[in-house]
Amino acid sequence: MSTKQQKKLHLIDTDIHEKVTYEDLMPYLEQPYKRYIEDCHWIQEKHMPFTQPAVAGVNRADAEVPDGRPAGSDLPFMQYQLLDDIGHEVGILTGALDPSPSSMHGWYEMATALARAYNDWQIEHWLEKDERLYGSVHIAAQEPHEAVKEIERVGSHEKMVQILLPIDDIMWGDPYYHPIFEAAEKHDLMIGMHHNEPPVYYGKWPRYFIEWHTLIPTAHMMIVTNMVFNGVFEKFPKLKMMMIEGGFTYVPFLMRKMDQQYRDLRHEVPWIQRMPSDIIREHICFTTQPLEEMSKKEFLQTFEQMGSDDMVSFSTDYPHWDYDNPYEALPNGLDEELMRKLLSENARNFYPKLPNRKEED
Amino acid sequence: MEEVVCSKEDLNPGEMMESTFGRHSIVVCRASDGHYYAFLNRCIHQGAPLSKGKICGAPEPTDTLGEYNFDREGDILRCPWHGREFDIRNEGRMLANEKFKIKNFNVMEKNEQVIVYK
């Protein structure tokens, strides 16, 4: 929330959730899928066992649309509360939490149809309604050839910047995903990881939300490690990956650990011909939220240990409960150049389809 | 400096409202004891407007694993964003760490009015 005294930020926000309802998707769904929802009241089975964490479930209590519709479901209210208030230059949509086609276990035809409908709805109601908003391609990766068809169908849209993949029991470094990466490269799309329904806890859920939410970075660490050592970035040199909503303070540890392991065990992965930390610096970017409260010194030490301040990008996660306020979440006193990198330029350099910087007011 | 921030009848126990004190946006809360409390309307964490949160109770600390003893309904103010819990009747101190508190103001009740002063 800005105040009158605060300068607009020219933010590139790498995690904003637009909210869809099944009703919204009806005009974009074909038969017989539409019938299952309208007549049979089908909804995707969701598994999270927890009571929801904050005052208004997973959302900011003040983000509910004034007429009572769910947070994130109304573009004008999002413009008022977020995009105009903060001064967003770009917002990247990462939506699709419920339904979430990529996390369906079974009935992949429905998952594929939902992903198609979702992408069409996202383009028409968000990307083409506000020039600041850019989108993520949703796919049902459970059917990779259908997923590739969907990437071919919408991936060339000028405002689609990444593909979100499911976090599940096929790790992304597996050759299973190569056709998807090939399609991504073809359309200048990056790969995005944002946790959703799937677990981070040995295939199940921990007993408490606080455990699950604490451990989200572990799922990110697994994917980073897997993608690097399986040689994905060697086979697809244009490919990059944005790790969304896992934070970034685990990265120094992971880089050091991977480098140390590589010195000992390089023989097992001879297709890796440079230090893992160099691959991470070149191919992977991390969003800030949810930020831990850190002093300026602690914050800067993290970048020093990463050997770069080019690979972290600010995200709000609006309208979710653990939203990070770009005016308040970062330590005070960061220098202007670092702020500019975190708030916009690192994301701009990461996504090739984002526009050049506009002149400041 | 003193200022009328609301009427006593504006709030029932367990309710809150936004008001102003000088140039400050404040939140006036009426706790379960029927008394009025006032705080700066800004969370100390990331600046969320507390008046958009919720007045509720909270599970009491317990020595028994797995036990929930939900108590103090009407005495806890939770932030609308991250849900941090602040104790209305204990100077707005954070339940998770009492060293931290939201800024509180002096309040008196006079006739039918609630007055904040310093």
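1. Helices α4(A) and α5(A) run roughly parallel to each other (angles under 35 degrees count as that). They pack at about 15°, with axes 10 Å apart; axes are lines fitted to C-alpha atoms over the stretch in contact, and angles run from 0 to 180 degrees between N-to-C directions. Helices here are DSSP runs (H or I) of at least four residues, strands (E) of at least two, numbered from the N terminus.

2. A word on the source: this is a predicted model, where local features need pLDDT of at least 70, side-chain atom pairs count only at pLDDT 80 or more, and totals for chains, interfaces and linings use all residues. Residues are numbered from 1 along each chain as its sequence is written, with chains lettered from A and ligands numbered from 1 in the order written.

3. Back to the helix pair: on α4(A), the contact uses T112(A), A115(A), R116(A), N119(A) and I123(A), and on α5(A) it uses E146(A), E150(A) and V154(A). Contact means C-beta atoms, placed from the backbone, within 7 Å.

4. Now the sheet in chain A. It is open, has 8 parallel-paired strands, and goes β1-β2-β3-β4-β5-β6-β7-β8; pairing takes at least two DSSP bridges.

5. Strand β7 (284–287) of chain A is joined to β8(A) by 2 bridges. F286(A) has V312(A) as its bridge partner there.

Key:
Parallel < 35°, antiparallel > 145°, perpendicular 65-115°, else oblique. Contact = placed C-beta atoms within 7 Å.
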